[in-house]
Amino acid sequence: MTNLYYEPGSFRDPAGKIFYKNGKVYRKLSETGAKRFDYLKKDNLLEELIKKEFIVKTSETNGRQIDDKLKGEKILEHEKIDFISYPFEWTFNQLKDAALFHLDFQIYLLNKNAKLIDASAYNIQFKDNKPIFIDVLSIDEYKDGEFWYAHKQFCENFFNPLLLSSRKGVSFNNWFRGNLEGIQTSDLNSLLNFFDFTSPSVFINVFMMNKLDERSKINPKKASDKVKFSKKFSKKSFINLLSQMRNFISKLKSKKKISDWDTYEENNTYQVQEEEDKLSVIKNFVDKHNPSFLVDLGCNEGKYSEYASKQKNVKVVGIDFDLNVLDRAYIKSKKNNPNFFPMYVDFSNPSSNLGWAGSERKGLQERSNFDCVIALALIHHLVIAKNIPLEDVIKWIVSFAPSGLIEFVPKEDPTAKIMMSLKGDIFKDYEEKKFETLLSKYAKIKNISNVTSTNRKIYEFNKN
Amino acid sequence: MKHFLIIVFIFLMSTNSYAYIDPGTGGILLQALLGAIAAIGAYITIYWRKFKNLLSKIFKVKKKD
């Protein structure tokens, strides 16, 4: 990213356009954008919001110094977020924290006579496990009597997905990924029953919202006239609506479902000694490579990358496909390990390029900028449980970073045996020698450590 | 308040065909309605207070007698 490169996903608001150069993040402002930014600078609102950690650090910069083509343009430079994640990759509590953050921010702004013009969950990112707002141009002046135009968008991006998970025990992630604007009110309304609607917040924000939306679709002119000529919405009512929503969301809990991995860290087949051996392999690796940004594929609760993230102050993105385990990991790391960010991805169907022209939201690989990758006790889940060819799995893991660790779990291992007990052994290529040959095709094997009595081995590789 | 919501509920029990307008309109109509309910609530509160004051005045007068 040394050349000037415009972010293809930055087009919804014509007020500004994100671009990158030399690894830095900038925003080119249009006339409207410049006006909005001038408003933000007035009375030091921008400074205050940065100080209170509502928004990312932002400053004006000289366009000409970045690129000759930008001479005379109004340019902002933004603080760079380590890793951009999307709401469909968040756990229940991550989305809940983002929702509460959005409401708190909106209430704070209203008290300063400002407002957020939209309620897209993509405008929130996680920095040190805390939500932060990245789109400064979404802030504008509040005019007395204005409605909350983003009410429905807030419901579809935050409220509805949380409700779906909390009331029905259905994870929002895969649905959200299919419809990037969130869970539609009409869809959720069809799923909820009479008892769900006895809650005033659900009744108002789902049932009534849907009914009025349907009415506006039946007679659009009448609806828009009604909006135009209706009495203005007082600031007090606006803040009340936000506060009631905040109160309701803060009490929401994910409907518990036991997952395959819930008891993994207690029930897995490792012995204490073996676990310590594994940890020491990771310690040696981290001490040797001193990475600044690591990805832990199949992180579970993040026990193995904990050493890196805590002792060595390495930023770690932990990826797994078990939402319950990830949610627990998030709650834990939010309290005591801001360097570890857990995130949901189904490895057999990782986040791909999505949205308009297939470039609005980037795939997992496209967003990767890691120094090191660790993939422990992962490949047998992809090869044996999901039937993905061994070579493809190796190639995929190695593509994440220049160096890393991969654990090979042989067929004799108790976990692998259970996986094959019904399927039968249809994986003729899945054996240690073949694994070594394939790994050598894509990287150099630097070290091999035996970590269990069942012959599990950790391979250190380097691509250079 | 509860009765009012039930009336609103019954009133809204009719649906049909769609024509796309603007995804946010439902939310604004909802706020207009909530604003109206809040205003009605405020009126009721004001008159209820007045009524209570009136009652307490009557009782105070009676006590003096």
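Colleague: In what order do the five strands of the open sheet in chain A stand?

Modeller: Before that, this is a predicted model, where local features need pLDDT of at least 70, side-chain atom pairs count only at pLDDT 80 or more, and totals for chains, interfaces and linings use all residues. Residues are numbered from 1 along each chain as its sequence is written, while chains are lettered from A and ligands numbered from 1 in the order in which they are written. Strands (E, at least two residues) and helices (H or I, at least four) are DSSP runs numbered from the N terminus, and two strands pair if DSSP finds at least two bridges between them. The pairing in this sheet of chain A is antiparallel, and the order is 1-2-3-5-4.

Colleague: Where does helix 5 of chain A bend?

Modeller: Helix 5 of chain A covers residues 151–168. The bend (the angle between axes fitted to the seven residues ending at a residue and the seven starting there) is about 40 degrees, and A:Pro161 follows within four residues. The residue at the bend is A:Phe159.

Colleague: How many residues of helix 5 of chain A are buried?

Modeller: A residue is buried if 20 or more other C-beta atoms, placed from the backbone, lie within 10 Å of its own, exposed if 12 or fewer, and partly exposed in between. Helix 5 of chain A is largely enclosed by the rest of the structure, because the buried ones number 14 of the 18.

Colleague: Is A:Ala377 buried or partly exposed?

Modeller: A:Ala377 is in the loop between strand 13 (372–375) and helix 16 (379–385) of chain A, and its phi is near 50 degrees, positive in a residue other than glycine. It has 22 C-beta neighbours inside 10 Å, so A:Ala377 counts as buried.

Colleague: What is the radius of gyration of chain A?

Modeller: Chain A has 19 helices and 16 strands. For 464 residues the globule rule gives 23 Å, and the chain's value is close to that, so chain A is as compact as a globular protein of that length. The rule is 2.2 Å times the number of residues to the power 0.38, with the radius taken over C-alpha atoms. For chain A it comes to 25 Å.
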